[in-house]
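Please read the following account with the sequence and the three-dimensional view side by side.

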Amino acid sequence: MQLFDVLIVGGGPAGSSCARTLGAAGLKAAVIDAREFPRDKPCAGWITPRVLELLELTPDEYGRHGRVIQPITAFRTGLAGTPLVETRYGRVVSYGIRRLEFDDFLLRRSGAGLVLGERVERVWRDGERWVVNERFAAPMLVGAGGHFCPVARVLSKHTFRHETAVLAQEIELPANQAGIRQRHAADLFFCPELNGYGWVFPKGDYLNVGFGSIGHSTFHARLDAFRAVVRRHPELRPLANAKWHGHAYLLSGLSSREIIGDGALLVGDAAGLANPLSGEGILPAVESGLMAAETILGAEGVYERARLENYRRRIRRRYGVGWRSAAGGSRAVCC
Ligand SMILES: Cc1cc2nc3c(=O)[nH]c(=O)nc-3n(C[C@H](O)[C@H](O)[C@H](O)COP(=O)(O)OP(=O)(O)OC[C@H]3O[C@@H](n4cnc5c(N)ncnc54)[C@H](O)[C@@H]3O)c2cc1C
């Protein structure tokens, strides 16, 4: 059995942000991820400048060694199938990154012990400590495994079937391969009911095209309608016809997950924290990862649930009064 101070399940932006702060404070943290890194993650890869600030990164520093970081200063928006209106901001309002590069960079930089290619299947409490896969143990466990995080399942004691999640699919291809000229503005195509949107997002030599909307029942019909719009642009047709990859995530204010247990916290998508208007999930993942690390450090080795309640207070303050963790149903909202 390998012993750590903190076990973090999931090496996305939430897990690596948490791990970096814990490691800097001298705790022995390990990140366990089912995948080998670099790994891709279905995502448009659109981050706001605050993400870089929280990560203590400049665009130049991140962009070294050829990593893609595309400044976005304009958005073109409109209803799907109608002409788009361009808004120029005169400053950088977003960056386009590739998750394949971004997550790998953050994870390696975290300095945590890495256990990659290890799917967490079994998580249980053994006295004062958590045991994972009968191989790793620690008094503190952080669930950073995204929407289907196994730690979330243990804390909430439920399956994720009844949750109303955002479903989203995307495809990312080199612009040249797709026969696409480089673009400088990001395009957003809203559904007529304003409960989802499609995007065309430029990232250096790559282009990401995708669609997300809330709720399961009408998702595929809306997705097909958006793909038909994409197919009408000859330059985008190769992307429309390629295989898209998808995932689900929860918007803040709608999650019914319990985010705290004795010696355990959920962060990022595992907690269900994405922005209910834009769907932005990377910023809340990084923010909650940092808040969790600060809470763990503040608990000074005594990780009973009451000592971790400060995390819930901070999450509530940051993500709005509607955010709740007690069991209950979820409502749909526009995104
Ligand atoms: C199509 C799509 C487009 C999106 N576009 C954007 C965007 O442009 N901007 C934005 O801000 N947000 C976007 N999001 C949301 C964003 O991707 C997530 O909110 C964000 O990745 C959450 O980070 P995380 O660290 O919580 O989880 P993740 O990034 O999902 O990382 C979780 C990690 O846990 C690992 N894991 C899972 N289960 C296990 C297990 N059992 N054992 C071990 N490891 C496990 C996974 O391999 C993964 O590496 C998008 C989402 C989708 C689906």
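Two strands are taken to pair if DSSP finds at least two bridges between them, and the elements themselves are DSSP runs numbered from the N terminus, with helices being H or I of at least four residues and strands being E of at least two. The structure is a predicted model, in which local features need pLDDT of at least 70 and side-chain atom pairs count only at pLDDT 80 or more, while totals for chains, interfaces and linings use all residues. Residues are numbered from 1 along each chain as its sequence is written, and side-chain values use heavy atoms, with hydrogens and water left out.

E1 runs parallel to strand E12 (residues 136-138), to which two bridges join it, and Phe-136 in E12 is the bridge partner of Gln-2.

The buried residues of H4 are Arg-99, Glu-101, Phe-102, Asp-103, Asp-104, Phe-105, Leu-106 and Leu-107. H4 is followed by Gly-111, which has a positive phi near 75 degrees. A contrasting position is Glu-300, which lies in the loop between helix H8 (282-298) and helix H9 (305-319) and counts as exposed at 66% relative accessibility. The C-alpha atoms of Glu-300 and Tyr-95 are separated by 37 Å, and the two residues are 205 residues apart along the chain.

A pair of aromatic rings is described by the distance of the centres and the angle of the planes. Here rings of Phe, Tyr and Trp (its six-membered ring) pair if their centres lie within 6.5 Å, and planes under 30 degrees apart count as stacked, those over 60 as edge-to-face and the rest as tilted. By this rule there are eleven aromatic pairs. One of them is the edge-to-face pair of Phe-75 and Tyr-89, at 6.4 Å centre to centre and with 85 degrees between the planes. Because Phe-75 lies in strand E6 (residues 74-79) and Tyr-89 in the loop between strand E7 (85-88) and strand E8 (94-97), this pair ties together parts that are 14 residues apart in sequence. Phe-75 counts as buried at 7% relative accessibility, whereas Tyr-89 counts as partly exposed at 38%. Phe-190 and Tyr-197 also form an edge-to-face pair, with 5.7 Å centre to centre and 65 degrees between the planes; Phe-190 counts as partly exposed at 23% relative accessibility, and Tyr-197 is buried with a relative accessible area of 10%.

On a 1 Å grid over the protein atoms alone, a cavity is a set of points where a 1.4 Å probe fits but cannot get out, and a pocket is an open set with protein on both sides within 12 Å along at least five of seven lines; lining residues have an atom within 4 Å of a point. Grid points are joined across faces, edges and corners, and a volume is the space filled by probe spheres set on the points. One cavity of 30 Å³ or more is found by this rule, and the largest cavity holds about 30 Å³ of space. It is lined by Asp-40, Lys-41, Cys-43, Arg-98, Arg-99, Glu-170, Glu-172 and Lys-203.

The second largest pocket has a volume of about 230 Å³, and of its eleven lining residues the closest to its centre are Phe-160, Glu-163, Ala-165, Leu-167 and His-216.

Terms used: Buried < 20%, exposed > 50% of the residue type's maximum accessible area, 1.4 Å probe, protein only.
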